[in-house]
Amino acid sequence: MSKKATSSVRKATSNVYGPNKITYTHFKKAVDIAKECRPETSGKLHPKVGAVIVKKGKIIASAYRGEVGRAEHAEYIALEKKAGGDPNVQGADLITTLEPCTVRSHDKRPCVSWIKSRNIRKVWIATLDPNPVIAGYGELQLQEDGIKIGRFPDNLADEVLHDNKEFFEWVRLKQPTISRIDQKNERLVIIDALKESINGANQLRSLLYDRFLSPLSGKKERNETKEVVGFLNDTIIKFEKALEQALAVQIDSEGSWVQLGSLLTDLKLHGIALLAYRVATEIDATSNYAWTGLTLSELELNRKDVTWPFQYSITPIDRSPFQKRSKTWLRFSEFEKPDMKVRMAARALQLGQKLDDIWPIVEKSAEEIMISEKRKEKESLQKEKMAWVEMSVMMGSLGEEEKQSFCLSIAAKNPSRPKLSGPAKMMWDLATGDLNLDESEE
Ligand SMILES: [Zn+2]
């Protein structure tokens, strides 16, 4: 701590604030008991909050979030559960590490309302609530009701922010980065695609009716056609259900988009499924379901594509918390063949996974490939080559030359040159040194 900071802390510790004689020790107590808060439910983060009620220098009650009753708020516990019948609460100061809430789920009363009803004189706050539904409104509502507002000493406010770092980050990730209008536009894209699919299936069905269900065609032919028509009927019903769901998808509801995404995945409409999942991640970047669905649809789309993973690749730097996306790729890669494993590892690398984490997968795949080399089909051989070239390109961008040449040497073991075009060909040529840039410039 610098000299200046030390002296300002010393000054703050000796101050006595207002008629209720609030001191540094009272603020410190609120900060310290907030640290007692324990995680509540898996998959959700909660703030660590401490509250202290002080009158004329004496602590009437103190509490931390969840101390009594699951997920109960610190201010509520202190005011009602601990000092419920105490007449001294009237006119006391309330010190709380987080801005009091203005809304609570279901039948619960928000803390702002409890504070008003107990006639608290002044509320001391360390930080505003990061949730935009509450941020600033808690403070404003209290002020409008004539309750004074004060702040914690700077160093303690900083400590509260530090203790709640993960929670603040989590709340930020939960804020939509996609506008309502953009969501409506994406919904239209999905609706149009579904309508097109339904029309296509309908046309095919009537074509089959006309051509094969006429009395002129043979019995065997007619039976086979009936089967196909039956399948088309089922498909059309499923598509129509998905269309209903798409029409009803809720704007700003991550769950609603995930539900639509999974329905589209079941119908193997991976392109629009990816779109639905992507919207879901942009509404709530903490959603595991959304990230998993997105990765799965991306995988399905790329399974057939030789130029993967550059094709379809969505923004490499996204808001995925804790590299959720790249980890998902690695998790899925366990169930795949060696060439897919390498491609998925490349994708994970592209999304920010550390080279050390993916290298064991690369080495293991190389081993498996050496063993099964003779049995391979031509097409998969081609895909495999591309996978290794892609990987080597990734290595190149990381400056890992030794590992890059390892990947290239595996790719070069393939005797037949892959038939590629466009950017994939260019990448291949660059990676294997076939492309002479000087020549092409002439
Ligand atoms: Zn509250």
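**Exercises on helix packing and burial**

Helix α11 (270–283) passes α12 in a left-handed crossing, meaning that the near helix is turned anticlockwise from the far one by less than a right angle, whereas clockwise would be right-handed. The structure is a predicted model, in which local features need pLDDT of at least 70, side-chain atom pairs count only at pLDDT 80 or more, and totals for chains, interfaces and linings use all residues. Residues are numbered from 1 along each chain as its sequence is written.

**Exercise 1.** Describe the packing of α11 and α12.

*Solution.* Step 1: helices are DSSP runs of H or I with at least four residues, strands are runs of E with at least two, and both are numbered from the N terminus. Helix α12 covers residues 288–303. Step 2: the two helices pack at an angle of about 155°, with their axes 8 Å apart. Axes are lines fitted to C-alpha atoms, for helices over the stretch in contact, and angles run from 0 to 180 degrees between N-to-C directions. Step 3: this angle makes α11 roughly antiparallel to α12, because angles over 145 degrees count as roughly antiparallel, under 35 as roughly parallel, 65 to 115 as roughly perpendicular and the rest as oblique. Step 4: the residues of α11 in the contact include His270, Leu274 and Tyr277, and those of α12 include Trp291, Leu294 and Glu298. Contact requires C-beta atoms, placed from the backbone, to lie within 7 Å.

**Exercise 2.** Characterise α8 and its packing against α11.

*Solution.* Step 1: α8 (residues 180–212) has 33 residues and reaches 48 Å from first to last C-alpha, close to the expected 48 Å. The expected span is 1.5 Å times one less than the number of residues. Step 2: α8 and α11 pack at about 160°, their axes being 10 Å apart. They are therefore roughly antiparallel to each other, and α8 passes α11 in a left-handed crossing. Step 3: on the α8 side, Gln183, Glu186, Val189, Ile190 and Ala193 meet Ile272, Leu275, Ala276 and Val279 in α11. Step 4: Gln183 and Ile190 are among the buried residues of α8; a residue is buried if 20 or more other C-beta atoms, placed from the backbone, lie within 10 Å of its own, exposed if 12 or fewer, and partly exposed in between. The cover over the buried residues of α8 includes α9 (219–248) as well as α11.

**Exercise 3.** Identify the residues with the most contacts inside the largest nonpolar core.

*Solution.* Step 1: a nonpolar core is a set of buried Ala, Val, Leu, Ile, Met, Phe, Trp, Tyr and Cys residues joined through C-beta atoms within 7 Å. Step 2: the largest one has 43 residues, and Ala51, Ile53, Ala78, Ile95 and Ile115 have the most contacts inside it. Step 3: helix α2 (residues 24–34) gives the most to this core, with six residues. Step 4: a second, separate core of 25 residues includes Leu330, Ala346, Leu351 and Val389.

**Exercise 4.** Is Lys268 buried or exposed, and in which loop is it found?

*Solution.* Step 1: Lys268 is found in the loop between α10 (254–266) and α11. Step 2: its phi is near 60°, a positive value in a residue other than glycine. Most residues other than glycine have a negative phi. Step 3: Lys268 is exposed, since 9 other C-beta atoms lie within 10 Å.

Notes:
Two residues are in contact if their C-beta atoms, placed from the backbone, lie within 7 Å.
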